[in-house]
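Biologist: I've got a new structure open and I'd like to talk it through with you. Can you take my questions one at a time?

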Amino acid sequence: MFAYLIISIMLSVILIFSSFFTRKVLHPYETGMNWLFTSSLLFICSNIIDLNQKWIEVSHAQLPFWILTLNRLFIIPGLTLWLLFLYSSKNFRPIFKVLSTSFWFVLMVELQFYHDSIGLIHFRQWTIYFSILEWFIIWLLSFAYWTFFRLLLRKEAV
Amino acid sequence: MRFPEVFDRNEYFIIAVCIFLIIWTFCLKRKFSLSQIFVIFTLNFFLAASLDHILAGPPYDLYDIMDIPDFEIFDFIIYLFIYPLSGYMFLYYFDTWKNKGLPSVHYLLLASLLTVALEWFSNQFHIFVHNEWTYFHSFISYFLIYCLNVCVYFWLKRDYREASID
């Protein structure tokens, strides 16, 4: 578990620094907004699923808590940001964007199931379909918010 | 999200504060562009959602919000309206204060103290229930949150015309 925490910290640092490269096609506001919005969504989803409904039981020990918090603060928002970077880049073909979206979904669902397998979380009333639905909602809201904000920036001619 | 078990004074207090803040914000002259307002709102929404999850949830459980430890619809209303509107007003008056040439640190300390006083007032309506949390912790937290808001303010002012989207 400690090794996974170290990996999570390293991954978080890599994603934070790599986000500066998204400036090539994303406005700094878009980068910041999307990161904060995705992270907020993850915390709210966690409150609803783990705390209220108790569909997923989360370990209350410090180490799992901080691993999950790093995931919600940096890793998942960072990966979502790169997905939006691919969407806004003109250098990639549409099929590559579709494949990247599929890969993002598989990665998110797999990550959740990996956390269950190592005992970080424990599924109680949770199936792969709920997982897909959860990530679809997060993807949809992140994408919608980003699109709306991008249009707003264009309107303001920033 | 859960609905409140009993609709009593803390729910009425939240609704009253929301209406008051919305009216106050609309009465202010606009100093930021719409995109900048969205950045300020998202930042404060994020700070509320993440810090409350980390500090108020297990394993730390330093305080509870509203009637039950679970995530209530009124918790979400606080995140969505009260914190973002307060953050916006903080930066609005920071801009005014700065343009008058007054020291920023004085404003930060004053705003933090005022927010602690408002937290004490809201606690009379059982908005927060402190477990191991104290008003000193609140003061330090508000001070750091406002410092972050000020950093974002300077970033917004500097970066607004620097970059352009593809």
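**Cavities, pockets and packing**

Modeller: Happy to start with the inside: by class, the residues lining the largest cavity come to 12 nonpolar, 4 polar and 3 charged. Keep in mind that this is a predicted model.

Biologist: What volume does that largest cavity have, and how many cavities of 30 Å³ or more are there in the whole structure?

Modeller: Searching the whole structure turns up 3 cavities of 30 Å³ or more. For the largest cavity, the space comes to about 240 Å³.

Biologist: Which element gives the largest share of the lining of the largest cavity?

Modeller: Five elements of chain A each supply at least two lining residues: α2 (28-53), β1 (56-58), α3 (62-88), α4 (94-117) and α5 (128-155). Among the residues closest to the centre are Arg72(A), Glu134(A) and Trp135(A). The largest share of the lining, 5 residues, belongs to α2(A).

Biologist: And the second largest cavity: which residues sit closest to its centre?

Modeller: That cavity has a volume of about 130 Å³. Its lining has 14 residues, and the closest to the centre are Leu51(A), Asp52(B), Ala56(B), Ile65(B) and Pro69(B).

Biologist: Which elements give two or more residues to the lining of the second largest cavity?

Modeller: By class, that lining splits into 7 nonpolar, 3 polar and 4 charged residues. Chain A contributes through α2, and chain B through α2 (34-56), β1 (63-65) and α3. So much for the cavities.

Biologist: On to the pockets. What is the volume of the largest pocket, and which residues lie nearest its centre?

Modeller: The volume of the largest pocket is about 1,400 Å³. Of its 50 lining residues, those nearest the centre are Tyr83(B), Ser86(B), Thr115(B), Tyr142(B) and Tyr146(B).

Biologist: Which element gives the most to the lining of the largest pocket?

Modeller: In chain B, α1, α2, α3, α4 (104-123), β2 (128-130) and α5 (135-159) each supply at least two residues. The lining of this pocket has 36 nonpolar, 11 polar and 3 charged residues. The biggest contributor, with 10 residues, is α3(B).

Biologist: How about the second largest pocket: which element gives the most to its lining?

Modeller: This pocket has a volume of about 860 Å³, and of its 34 lining residues, Phe37(A), Tyr145(A), Phe45(B), Phe76(B) and Leu80(B) lie nearest the centre. Two or more residues come from each of α2 and α5 of chain A and α1, α2 and α3 of chain B. By class, the lining is 28 nonpolar, 3 polar and 3 charged. With 7 residues, the one that gives the most is α2(A).

Biologist: Let's look at helix packing. Is the crossing of α1(B) and α3(B) left-handed or right-handed?

Modeller: Helix α1 (residues 9-27) of chain B packs against helix α3 (residues 73-99) of chain B at an angle of about 35°. Their axes are 10 Å apart. The crossing is left-handed.

Biologist: Which residues meet there, and how do they divide by class?

Modeller: From α1(B), the residues in contact include Ile14(B), Cys18(B) and Trp24(B). On the α3(B) side, they include Phe74(B), Phe81(B) and Tyr93(B). The contact divides into 16 nonpolar, 2 polar and 1 charged.

Biologist: I clicked on His60(A). Which residues does His60(A) touch, not counting residues up to four places away in sequence?

Modeller: His60(A) is in the loop between β1 and α3 of chain A. From His60(A) to Ile121(A) there are 61 residues in sequence but 9.6 Å in space, C-alpha to C-alpha. Leaving out residues up to four places away, His60(A) touches Pro58(B) and Pro59(B).

Biologist: Now the overall picture for chain A. What is its radius of gyration?

Modeller: Chain A has 5 helices and 2 strands, in the order α-α-β-α-α-β-α. The globule rule gives 15 Å for 158 residues, and chain A comes close to that, so it is as compact as a globular protein of that length. Its radius of gyration is 16 Å.

Biologist: Last one: what is the radius of gyration of chain B?

Modeller: Chain B also comes to 5 helices and 2 strands, running α-α-β-α-α-β-α from the N terminus. With 166 residues, the globule rule gives 15 Å, and chain B is close to that, so it is as compact as a globular protein of that length. The C-alpha atoms of chain B fill a box of roughly 50 × 35 × 30 Å along the principal axes. The radius of gyration of chain B is 17 Å.

Conventions: Residues numbered from 1 in each chain as written. Chains lettered and ligands numbered in written order. Predicted model: local features only at pLDDT ≥ 70, side-chain atom pairs only at ≥ 80, totals over all residues. Heavy atoms only, no water. Axes fitted to C-alpha atoms, helices over the stretch in contact; angles between N-to-C directions. Helix = DSSP H or I, 4+ residues; strand = E, 2+ residues; numbered from the N terminus. Left-handed = near helix turned anticlockwise from the far one by under 90°. Contact = heavy atoms within 4.5 Å. Nonpolar A, V, L, I, M, F, W, Y, C, P; charged D, E, K, R; others polar. 1 Å grid on protein atoms, 1.4 Å probe; cavity = no way out; pocket = protein on both sides within 12 Å on 5 of 7 lines; lining within 4 Å. Points joined across faces, edges and corners; volume = space filled by probe spheres on them. Rg over C-alpha atoms; globule rule 2.2 N^0.38 Å.
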